[in-house]
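Please open the model in your viewer and keep the selection box handy. We will go from the whole chain to single side chains, one stop at a time.

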Amino acid sequence: MEKTEITALFEKYIRKLRLTPAWDIRLEFVEDPAWPKTGDFKIDCDDRKAILLLNTANPTQENLEEVIVHELMHIKLYPLDQVTESLITNCFEEGSRASAFAYQQFFTALEQTVEELAKCFLLEFGENREFSYGRCRKARSFNDLYEGLKAIE
């Protein structure tokens, strides 16, 4: 996919998600082959500015449109993210097992929610409605996960 096409998709989705004009969001392409992520963002919540970083050197996800929507959903949900993170830091001792558990549960639920919203949005408005399976390709198979476990009798 060409950078002009990617930029057009980015512009489409910042409007569809009603992120602009309330937010100033810029798209930057990461061309470092060592960068391990396909997408990420940097954010200044107080100034309502964000930079969406998109790996064009070696993305692990096949559908960059899906990645754009996913990352923009993170920006859309960022205030909720910050409230929840503040609750965790104020309710649990830093470094405690309870704090680690709360963070792990929160970030897993956040990532699953963002991805589900991104999929729904992509199915409704996407030009490429094929989901990316790049992370699945790197994961262990179902059988591998259970290899060596003892049978319950």
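Here is a short tour of what to select and what is there.

**Before you start**

This is a predicted model, in which local features need pLDDT of at least 70, side-chain atom pairs count only at pLDDT 80 or more, and totals for chains, interfaces and linings use all residues. Residues are numbered from 1 along each chain as its sequence is written, and side-chain values use heavy atoms, with hydrogens and water left out.

**Stop 1: the whole chain**

Show the protein chain as a cartoon and look for 6 helices and 3 strands. These are DSSP runs numbered from the N terminus (helices are H or I, at least four residues; strands are E, at least two). The C-alpha atoms fill a box of roughly 60 × 40 × 35 Å along the principal axes. Of the 153 residues, 33% count as buried; here buried means under 20% relative accessible area, exposed over 50%, and partly exposed in between (1.4 Å probe, protein chains only).

**Stop 2**

Zoom in on the loop between helix 1 (3–16) and strand 1 (24–30), where you will find Pro21. A cis peptide bond joins Thr20 to Pro21, with omega about 15 degrees. Now select Arg18, which is in the loop between helix 1 and strand 1 too. Its phi is positive, about 55 degrees, although Arg18 is not a glycine. Both features are worth a look because most residues other than glycine have a negative phi, and most peptide bonds are trans. Arg18 counts as exposed, at 68% relative accessibility.

**Stop 2: between strands 2 and 3**

Move on to Arg48, in the loop between strand 2 (39–44) and strand 3 (49–55). Arg48 has a positive phi of about 55 degrees and is not a glycine. At 38% relative accessibility, Arg48 is partly exposed.

**Stop 4**

Select Asp81 in helix 3 (residues 78–91). Leaving aside neighbours within four places in sequence, Asp81 is in contact (heavy atoms within 4.5 Å) with Phe106 and Leu110.

**Stop 3: the rings**

Rings of Phe, Tyr and Trp (its six-membered ring) pair if their centres lie within 6.5 Å; planes under 30 degrees apart count as stacked, over 60 as edge-to-face and the rest as tilted. By this rule there are 5 aromatic pairs. One of them is Tyr103 with Phe107, stacked at 5.7 Å centre to centre and 10 degrees between the planes. Both residues lie in helix 4 (residues 97–125), 4 residues apart, about one turn of the helix. Tyr103 is partly exposed at 22% relative accessible area, and Phe107 is partly exposed at 36%. Next, select Tyr13, Phe121 and Phe125, which form one aromatic cluster.

**Stop 4: a charge over a ring**

Finish at Lys119, whose charged end sits over the ring of Phe131, 5.5 Å from its centre. That label needs NZ of Lys or CZ of Arg within 6 Å of the ring centre and within 35 degrees of the ring normal.
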